[in-house]
Amino acid sequence: MTAVREHFGSRLGFILAAAGSAVGIGNLVAFPVAATKSGGGAFLLVYALFVFFICLPVMMAELALGRSSDKDPVGAYRTISKGSKLWSIPGWFALITPFMIAVFYLVVTVWVMGYLVETLFGNLDKLASQDFFIQFINTPQIFAYLVVLMLIINAILAMGVKDGIERAAKTLMPMLFVMLLGLVFFVLTLENAALGLKYYLVPDFSKIDGTVISKAMAQAFFSLSLGMGIMITYGSYMKKRDSIPGSSRAVAITDTLVAFTAGLLILPSIFHFNPQIDPSELSDSSAGMIFLFLPKIFLALQDSIGYVGASAVAGIFFFLVLVAAITSLVSIIEVPIATLRDERGMERKKAIYVIAAVQFVLAIACAVSFGMATWLTDFVQLAGVNKSFFDLIEIIFYDTILPLNGLLVCLFVIYKWKKANFDKELQEGDSDFAGSFSQKYVNFSLGTFIPLILLLIFINTVALKFFGYSFI
Ligand code: PHE
């Protein structure tokens, strides 16, 4: 067992670290595109409702679980269920899920890093050419980028919770906000920016259907880093005197504001590039947008600000995405580290080496599953379609297990740990919580309709991804 548990130094430090986890590639690219394609302002509204009425209570549940048990996810479920075998299963899920999501997120971040370096070397024109992406992800350079990326992340983690994670968040997050705002101010001055804003913001309620609703929900859940054991682990580093409801709200607001602001950057740029564009043709995947589409948009800026100016904008954008991805990766890799420390009594440094070694091998397996290794490229068949090793990890852990983990957290907190204990933990450090609307709402919703919604999403995903059948 480790001697004294490390804690975040301040409430702001915790909020920035948790927001660093929450703000990721999902906010900067997936959200703006999803919003534009799915009814603009109407999607924003549905999304915001999900964040505050469905996801926020789950975040409070995860943080309370971690803080009350003072443990990693495996330890939290074990301690609070008093060693129940059955309830140890969600604990293991909450360990394996972040571990595997980190693997595919590492690979995508490696590509972002590569695009940043290429831009800095003056190769934006190459990035915008048709076949660059598929060639680039199949060059051996990506292994070098992977090594550098893992060194950066693990160096932050090696410094510990306060001097590593918290300090990095305190430096990187304000930098991210400034860069994002700077880019937004710049693109708003471009020709046709208002057209983009119109598509992004004017509500079209006719687009809201079952698929859009479930997409908004999945996006909100992933964006707040829920179901990945991260908030349980970060909760265990929170001080008792800090308010869980208040801090969760601050994290959710920051995350949503960043996602919203990213739309003010992406949409005007797209419409400046092509005012006639039909947004429904934009790629659904973040990777498709970042690596295939956005480089073309940045290159087109050379007409107004020259090649160097266009490269500078692209460079700032890739750097922004890289920073957001690094702070997310730090949080997700901390989960297995905390587990090895708490459950095996391993020293932080040793835990880092063990996890980094396994993740390195798995990340390479993912990285070569785009053509370099054929057996990993056509790894399995799901619902009649060939899927690579990378796709499989994404489908199992991100699409499927994430909502299941959320569902299990709700059931565990309300029915096993019990409402009264959970409620007591939320009141700790928050004297205004008792008797508030928020208290009643959180206690009621987590035991009733939130797990039900997560269950429906889980069933629908399994049917869709594994059997090719959709209920909605
Ligand atoms: N919230 C992150 C995002 O929007 C999700 C994430 C968190 C991914 C942690 C990986 C690690 O991209």
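Trp 111 touches Phe 133, Phe 136, Ile 137, Ile 142, Phe 291, Phe 370 and Phe 390, leaving aside residues up to four places away in sequence; contact means heavy atoms within 4.5 Å. The model is predicted, so local features need pLDDT of at least 70 and side-chain atom pairs count only at pLDDT 80 or more, while totals for chains, interfaces and linings use all residues. Residues are numbered from 1 along each chain as its sequence is written, and side-chain values use heavy atoms, with hydrogens and water left out.

Trp 111 is also among the residues with the most contacts inside the largest nonpolar core, together with Ile 270, Phe 317 and Phe 422. That core has 175 residues; a nonpolar core is a set of buried Ala, Val, Leu, Ile, Met, Phe, Trp, Tyr and Cys residues joined through side-chain atoms within 4.5 Å. Helix H15 (residues 302-344) gives the most to this core, with 20 residues. Helices (H or I, at least four residues) and strands (E, at least two) are DSSP runs, numbered from the N terminus.

Helix H5 (residues 88-120) has 33 residues and reaches 48 Å from its first C-alpha to its last, close to the expected 48 Å, where the expected span is 1.5 Å times one less than the number of residues. Because 26 of its 33 residues are buried, H5 is largely enclosed by the rest of the structure. Buried means under 20% relative accessible area, exposed over 50%, and partly exposed in between (1.4 Å probe, protein chains only). Just after H5, Gly 122 takes a positive phi of about 85°.

Next comes a helix crossing. The axes of helix H3 (residues 41-69) and helix H18 (residues 389-427) come within 10 Å and cross at roughly 70°; axes are lines fitted to C-alpha atoms, for helices over the stretch in contact, and angles run from 0 to 180 degrees between N-to-C directions. H3 is therefore roughly perpendicular to H18, a label for angles of 65 to 115 degrees. The residues meeting here include Leu 65 in H3 and Trp 417 in H18.

Two residues other than glycine have a positive phi. Ser 225, at about 60°, is found in the loop between helix H11 (210-223) and helix H12 (230-236), and is buried at 4% relative accessibility. Ala 383, near 45°, is found in the loop between strand S1 (380-382) and strand S2 (385-387), and is partly exposed at 39%.

Definitions and conventions
Angles under 35 degrees count as roughly parallel, over 145 as roughly antiparallel, 65 to 115 as roughly perpendicular and the rest as oblique.
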